[in-house]
Amino acid sequence: METMKIHDITPNDLPWKIRYDASRCTLCGSCVAACSFRAIAPKVERRRMVFSEGDFPEPKTRFSAVPVIRQVHSIKNYCRGCGICEKVCPNDAIGPLRNVDNRHSIVTRCLAGDSVKRGGRKNLESTSRTLDRLRVGRISQMTDPSLDAQRHTFDLLAPFGRILPPGKLPFAVGADGKLQTTGQSPPVRWIYPVIIGDMSIGALSWRMWEGVAMAVAYLNEECGLPVRMCSGEGGVPVRLLKSKYLKYMILQIASGHFGWNRILKAMPHMTEDPAGMLIKIGQGAKPGDGGLLMAQKVAEHIQAIRGVPKADLLSPPNHQGLYSIEESVQKMFLSMNAAFKFRVPVAIKVAASATSVSVFNNLVRDPYNIVGGFFLDGIDGGTGAAHEVSLDHTGHPIVSKLRDCYLAAVTQGRQGQIPLWAAGGLGKTGDLAADAFKMMCLGANGVFTGKLILQMAGCVGNDMGRCNACNTGLCPAGITTQEPALAHRLDPEKVAQNIVNYYLAMDQELKKLMAPIGNSSLPVGRSDALVSTDRAVAERLQIQYVC
Amino acid sequence: MCRIGAIKSLNYVHPSQALLLMQSQQKGHDNSGFAMVMHDLGGIFEGYKHLPTLSLACTDEGLKVAEDMLHAAGFQRVLQWVPEVNDRPGLDINAMPNYVFETFDYPKHIKKSSQKEKEELLLDMRLNLRAALEDDEMGFVYSFWPDVVTLKEIGDPRDIGTYFNLWEPDTKFTARVITAQCRQNTNYDIVRYAAHPFFLQGFTALANGENTFYQKNKEFQRKLHRGYIGFESDSQCFLYSLHYVHRQLGWPLSYYKHVITPLPFEEIGHRDDAQELQAIRQSLSHLEINGPNTIIGVLPDNTLFTCCDAKKLRPIVVGRSSDTVVFSSEVCGINEILPDRDWETDIYPNEREIVVIDNNLEVQRWKQ
């Protein structure tokens, strides 16, 4: 018998244990083939059977070699609980079980000597969500009849672009008594109030990215919803840059400037302007940290788009050469606005932080009127890859911070001049319409969402530690991988269909929320429509406390 | 429900007409007050059209404070009219001790100043008076403007009319434009300032409805102009937006409608002036109104107009004779004032128009 060694990794140390019923297993091998993490493997077990055949006990022993499936004991190839084995098993013979007593967070660090990295969302659930403590409590009734979500028309559009204060509009009254434009104003695009958040073509599989882009095109061209999608940092396929569909894309530039060489080179060949530009300073899921694309995911086409070798691609935590907010304004002014001859709105994305209001104040007071949107990203948002310690322990909730920024604008009489877009765990419960609506009542012009889009596509991960392996390039759903075999698990058309259907449902639901409060346009800043049964939340957000 | 009305005539009209206009609609409101603003004054004020008249309801102490402040600022009183009151028992009125309408000459130092400077001074003076009289509710300053008087009181409109002897027509207290309303607002506390019509620098507005963008409007307007204060009623927002668009921004009145009830984006896109309309919609999105509303407004040049919210969930009728135009929430009000008019020419404004009455009583209908 082998001596037991306490430091050996066993399934008991790992976050998930494989439940396996040999009596139901047909040994088809599907589970082993499907497990992208190689967390299960076939094995031959030696079995001893004691039996007796006569009328009197005459124990005999028979040895046999039995092929089985067993869990791999490794901190590299450990089970993520994705459940793909269960999905493919014809006999329900195998599946993951959560191991609440695991030692994974300790043994991983002890053995690897490196910080733990993963994808997904914050996995520490200590409190319920603030948004779930808010209700739409102001219902139109007698004196202010509610509207009919089916019959009335609604304007579900939000601005992207710098909006001039009314006194600065370049207007003169013409001889015919009509206002005439006498000068130039910053470009403003009115778009659907839910942007598909920035997920790069390196973070996502090309099939996933294609599915999302297809959904966006379909929503625009067939459904009449002007939904925009942000490219994320990592470039855009040249064919798309040169196509008419570029007008639905918000191009992102972040600290790594990945993909920008190709974008710049494609500019002379563009037939449409992009929908906008988003300068990413920070991200809510890993504030103060740059993008992270592990070498496993830097496939050939990613190398081509980004112009890089196969290596870990780490965007610096900040824009090199960016010294201050004022300079960031200059940077936008000089490079991005000028690049498209001031026809394309340029916005900025920052991680929600205790200092967000100062950043926002600086931008809203900028005298050049060139910051066309403040994208505020809170904790609880998702990411393709980050250090776990960042994911779980850094960041700032979005709700109160968005409210703070809006109220800061109100205090200065500048609300609406820089559109506020919020994200960070919105739609986490699956109901994005309600979250978006509440955020708008608190002052957001619109919201953006990324993680939820992955879930629409079939992501099996959750924020209780399931899967969260976006960083490994081994996404079992084919969403965040560049492995052809895995990527082909995903049907881009089905992805597009799911996203389109979700948006159509959400559109209905937004109207169903607007109708009872009697609003035909988005309720931006209508905090009077919200109530909370939580006094602390009500006080913090300056809304009505009810009980 | 609220009821609103307005009379504009080539001749001077006594407020008894406004009482009659509103009385016939009595079932439609809750008889909790009466308020009116009179523009283009006749009678005893006719000779003083160019000088500001103070409309004040106050205690004895409040009157002294107000007069002292005005004198200290250099205003010289040239006319005072205190309505005789009929304080018989049993009247449903929550009256202030004094109602005074005093006309002042401008301070010497400003007599040669521009009209604009005078207008700013009058506003500052009214705001200062209002602030000074707020303690212990010493008084309520409704207007301080040339050729305008305002009366607001809490109680049954019939009894308020009796108290001020307004049921008896005379030639002393008349105007060519009278706007009136008979109800205290129900959304917030009953305070005299909360009663329509509201007045600011020559602009008057009153509304029937509920402005569900009150919070948005209020938060934005507070920072736009020092005169945008109070917000005791969500309908004050209509006045402030009117003042802002027409006076502060200097845009033609037709754009008021584009600000408060902008066209849907899709319709804007089909217009020749799409660029301007979109810029207006986005820059003034916080002045958009929502909810069912009908607004009546008076401009400094005594133009009278009305418009509705974009879904037209509140009624208004415009009736006219050769020398008078009447706006009323219910047609029975017009029937009372203009029984012999041709009712077939009555106008029921739609949700996308402004009906404008100029000083020749020419009726214009502007499609948004």
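A salt bridge is a side-chain nitrogen of Lys or Arg within 4 Å of a carboxyl oxygen of Asp or Glu. By this rule, 2 salt bridges are found across the interface of chain B and chain A in the structure shown above, which is a predicted model. In one salt bridge, the side chain of B:Glu210 meets that of A:Arg138, with 2.6 Å from N to O. Polar contacts also cross the interface of chain B and chain A: the rule finds 16 residue pairs, with both residues at pLDDT 80 or more.

The side of chain B that touches chain A may be described by its elements and by its residues. The elements that give two or more residues to this side are α5, residues 214–221, and α9, residues 274–283, both of chain B. Of the elements, α9(B) gives the most, with 8 residues. By kind, the residues on this side of chain B comprise 14 nonpolar, 10 polar and 10 charged.

The extent of the interface can be stated in residues and in area. In chain B, 34 residues are in contact with 42 residues of chain A. The area buried between the two chains is about 3,200 Å², and carbon and sulfur atoms give 56% of this area. Three residues, B:Phe265, B:Gln282 and B:Lys311, supply 18% of the area that chain B buries against chain A, more than any other three residues.

Attention now turns to a group of strands in chain B. Strand β12, residues 304–308 of chain B, is largely enclosed by the rest of the structure, because 5 of its 5 residues are buried.

Which strands pair with β12(B)? One is strand β11, residues 293–298 of chain B, which runs antiparallel to β12(B) and is joined to it by 5 bridges. Within this pairing, B:Thr294 has B:Cys308 of β12(B) as its bridge partner. The strands β11(B) and β12(B) form a hairpin with 5 residues between them. In the turn of this hairpin, B:Asn302 has a positive phi of about 70°. Another partner is strand β15, residues 353–357 of chain B, which pairs with β12(B) in the antiparallel sense over 4 bridges. Here B:Cys307 stands opposite B:Ile354 in β15(B).

Terms used. Residues are numbered from 1 along each chain as its sequence is written. Chains are lettered from A and ligands numbered from 1 in the order in which they are written. Side-chain values use heavy atoms; hydrogens and water are left out. Contact means heavy atoms within 4.5 Å. Buried area is the accessible area (1.4 Å probe) that two parts lose on being put together, summed over both. A polar contact is a pair of N or O atoms within 3.5 Å; within protein, one must be able to donate a hydrogen and the other to accept it, and residues adjacent in sequence count only if both atoms are side-chain atoms. Ala, Val, Leu, Ile, Met, Phe, Trp, Tyr, Cys and Pro count as nonpolar, Asp, Glu, Lys and Arg as charged, and the others, Gly among them, as polar. Buried means under 20% relative accessible area, exposed over 50%, partly exposed in between (1.4 Å probe, protein chains only). Two strands pair if DSSP finds at least two bridges between them.
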